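Please find below a short note on the model under review.

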Amino acid sequence: MIKFTDIVKAFVVGICRSKVSLIGAIMTTVIFPVLLVSAILDLQGVVDNPYFGFVIYMVLGPLFVIGLVMVFLGLFFFKGKEEVGLFTFEYLKGQLSGPVGFARIRKFIFLATALTLMNIFIVSLVSYTGYHYTESVGFCGQFCHTVMEPEFTTYKNSPHSRVHCVECHIGPGAQWFVKSKMSGSRQLFAVAFNTYSRPIETPVHGLRPARETCEQCHRPELFHGENLYIKDKFLPDEKNTHVQTVLLMKVGSGGYRGSEAHGIHWHVAPENKITYRHTDRGRENIVEISLTRPDGTQVVFHKEGMQKTVADADAAGSHEEGVRVMDCVDCHNRPTHIYLSPNEALDQKLAQGEIPVSLPFIKKNGLRLITQDYPSHEEAKNKIATELRAWYRNTYPDLVNNNMALLDKAIAGVQNAYVENVFPEMRIVWNFYKSFLGHRDDSGCFRCHDDSHSTSAGETISADCETCHIILAEEEEAPEVLRSLRGLN
Ligand code: HEC
Ligand code: HEC
Ligand code: HEC
Ligand code: HEC
Ligand code: HEC
């Protein structure tokens with residue numbers, strides 16, 4: 001009778017006869033317990049470090065699988081080529097017909113099945129936790145720390161800080177999953193070989209059409225009517241005077257259950273299709289817009305003087321690259337990576353109390369300091385701190401000597417206004433990533449709504465200020481309209 005230990009011994013001897021198998025077996029045996037323990041720890045959320053995941057899933061996991069393949073290859077192809085030849089039908093029949101051979105083979109099968117099951121178990125477990133790791137905010141935002149720092153920082157400070165990166169960048173479905181993993185591997189190489197662009201290019205040309213991602217959570221057809229938008233600002237005077245701009249924003253709707261599409265979200269009504277043609281990568285210079293109305297009629301707007309250029313491009317067949325169907329991201333291009341202007345950054349900190357409004361001239365001084373060039377965040381913070389301390393000691397000695405905490409708080413707030421929006425390592429300067437939501441520097445909505453895109457019949461896309469909003473107050477102290485809404489008049 002053959003003992004089970006003999007089978008194991010035969011198996012081990014088999015492996016030892018091939019160097020390839022032996023190395024493979026040592027690799028798998030050593031890695032197995034490490035993978036098991038790490039995957040369990042990860043499942044329980046004990047470790048929260050993107051590099052831990054990298055070592056487990058991108059290094060040890062693949063090594064384990066390579067080890068298994070080596071055991072297999074070594075056993076069957078490298079050493080025992082002639083032995084594989086032994087496994088003929090006749091040989092197996094002979095073995096199985098005798099009781100000894102049968103017991104031997106049965107035990108072999110048992111051993112092989114047990115080992116295979118164990119391996120399938122660990123490989124599935126690690127694939128499952130590894131999949132979640134590559135979809136995690138930690139991997140996307142923190143693993144390539146310097147490269148993704150700007151995106152991660154702006155994301156953390158945005159309304160979407162609890163939405164995972166992959167929900168906007170990948171979304172559901174197998175096709176985009178595969179695309180994203182391929183593009184992700186390319187990006188890992190770009191980081192490893194230091195070939196990525198600084199700053200990262202925008203717009204993201206391979207971004208999934210936003211309607212398939214944003215509309216997982218938002219339904220613009222259900223918005224309706226107008227919303228009140230209040231912007232808090234502070235003037236660069238001694239009192240940092242607080243002023244407000246109040247707009248009645250015609251947020252509108254994509255139309256739902258018989259209600260008509262109207263206002264700003266009219267563009268995304270299912271029955272309106274807008275495509276546009278641009279000549280630059282940044283989608284700033286829009287030369288042609290075509291709108292298909294619900295009744296199927298099409299109107300085409302051309303930028304003044306560009307009709308011939310566009311027709312020439314058509315004739316040469318060279319326009320396809322720059323044609324795009326308008327979707328959410330053509331306005332909401334910064335839903336989460338929101339970079340503010342120097343003014344906005346300081347206004348936000350002042351409005352939230354992170355910078356004390358009571359410190360004279362802090363808006364003016366802050367603005368002067370954060371708009372200078374610095375080689376790194378560290379230098380910027382040092383310079384901001386020393387300059388502010390020196391200025392206030394000179395100009396308002398009593399105020400700061402009696403209340404150092406006030407100045408310290410202001411310094412921290414001004415430093416944050418800088419480090420949250422400017423990233424010298426990635427060469428991101430103020431206003432590099434522009435928002436299209438609105439009309440800063442005649443960009444955004446005014447790329448089309450500028451009265452200079454017209455149809456052959458002379459129709460234009462309206463630039464009338466009341467198309468999109470009604471301005472109720474502009475940079476006013478305690479605006480009348482807010483006082484009456486609050487019942488103060
Ligand atoms: C709410 C949706 C959303 C979330 C969540 C999100 N992004 Fe983005 N991301 C976008 C959009 C939209 C763009 C810009 C697309 C464009 O203009 O083409 C973008 C652009 C980028 C870019 C290109 C640079 C730029 O700013 O244009 C990078 C890199 C990026 N995202 C990484 C991340 C990372 C890392 C995370 C998670 C920490 C993340 N994103 C989370 C929507 C999102
Ligand atoms: C997984 C769900 C999810 C996805 C996907 C998502 N969002 Fe959001 N979005 C939210 C939540 C939740 C909020 C509200 C956050 C709050 O009120 O603090 C929000 C808020 C917003 C706001 C209002 C921001 C503000 O200043 O109050 C806008 C605009 C927006 N999202 C646009 C987008 C766009 C554009 C996309 C696609 C690129 C998108 N969202 C994708 C969940 C999502
Ligand atoms: C033509 C430009 C444009 C398009 C296209 C557009 N939006 Fe908006 N959206 C706006 C503007 C402008 C606002 C209001 C101003 C602001 O939030 O600062 C807004 C507001 C919102 C809000 C906040 C609503 C609120 O009541 O405060 C959400 C959420 C939103 N949009 C989601 C979307 C989604 C999802 C899509 C795509 C299906 C989309 N938008 C397409 C311009 C647009
Ligand atoms: C790619 C070009 C394009 C951009 C960018 C664009 N629009 Fe439009 N918009 C149009 C076209 C085309 C029309 C329809 C004009 C017509 O019907 O004559 C329109 C119509 C509108 C209308 C009127 C809708 C109605 O009720 O009929 C509003 C409001 C509007 N846009 C707001 C905005 C806002 C706000 C932005 C920026 C956040 C913006 N648009 C950006 C092309 C654009
Ligand atoms: C096509 C739509 C559209 C048209 C036309 C338009 N605006 Fe706006 N405007 C917007 C949007 C959207 C915002 C909000 C931007 C934001 O959320 O930051 C805005 C914001 C503003 C603000 C506040 C800016 C700030 O940050 O304080 C002012 C002031 C303003 N618009 C003035 C005008 C004037 C004046 C006109 C006419 C010459 C005009 N707008 C035409 C869409 C439009």
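1. The protein chain exposes about 28000 Å², and carbon and sulfur atoms supply 61% of this area. It should be kept in view that the model is predicted.

2. On burial, 37% of the 489 residues of the protein chain count as buried.

3. The protein chain contains 18 helices and eight strands. Its radius of gyration is 32 Å, whereas the globule rule gives 23 Å for 489 residues; the value is well over that figure, so the chain is more spread out than a compact globule. Taken along the principal axes, the box filled by the C-alpha atoms is roughly 105 × 70 × 45 Å.

4. Contacts within the protein chain were also considered. Of those between residues at least 6 apart in sequence, 66% join residues at least 24 apart.

5. Which residues coordinate the iron atom of ligand 4? The NE2 atoms of His267 and His449 do so, at 2.0 Å. His267 belongs to the loop between strand E2 (242-249) and strand E3 (273-278), and His449 to the loop between helix H17 (404-419) and strand E7 (453-454); the pair therefore ties together parts that are 182 residues apart in sequence.

6. The site of the iron atom of ligand 4 is octahedral, with angles of 86 to 179° among its six donor atoms.

7. Is His449 buried or exposed? With a relative accessible area of 17%, His449 is buried, because the cut-off for that class is under 20%.

Definitions and conventions
Residues are numbered from 1 along each chain as its sequence is written. Chains are lettered from A and ligands numbered from 1 in the order in which they are written. This is a predicted model: local features need pLDDT of at least 70, side-chain atom pairs count only at pLDDT 80 or more; totals for chains, interfaces and linings use all residues. Side-chain values use heavy atoms; hydrogens and water are left out. Donors are N, O and S atoms within 2.8 Å of the metal (3.2 Å for Na, K and Ca); water is not among the atoms, so sites may look incomplete. Four donors count as tetrahedral if all angles lie between 85 and 135 degrees; four count as square planar and six as octahedral if opposite donors are over 155 degrees apart and all others between 65 and 115; anything else is irregular. Helices (H or I, at least four residues) and strands (E, at least two) are DSSP runs, numbered from the N terminus. Buried means under 20% relative accessible area, exposed over 50%, partly exposed in between (1.4 Å probe, protein chains only). The radius of gyration is taken over C-alpha atoms; the globule rule is 2.2 Å times the number of residues to the power 0.38. Contact means heavy atoms within 4.5 Å. Accessible areas come from the Shrake-Rupley method with a 1.4 Å probe; for residues, only the protein chains shown count as cover.
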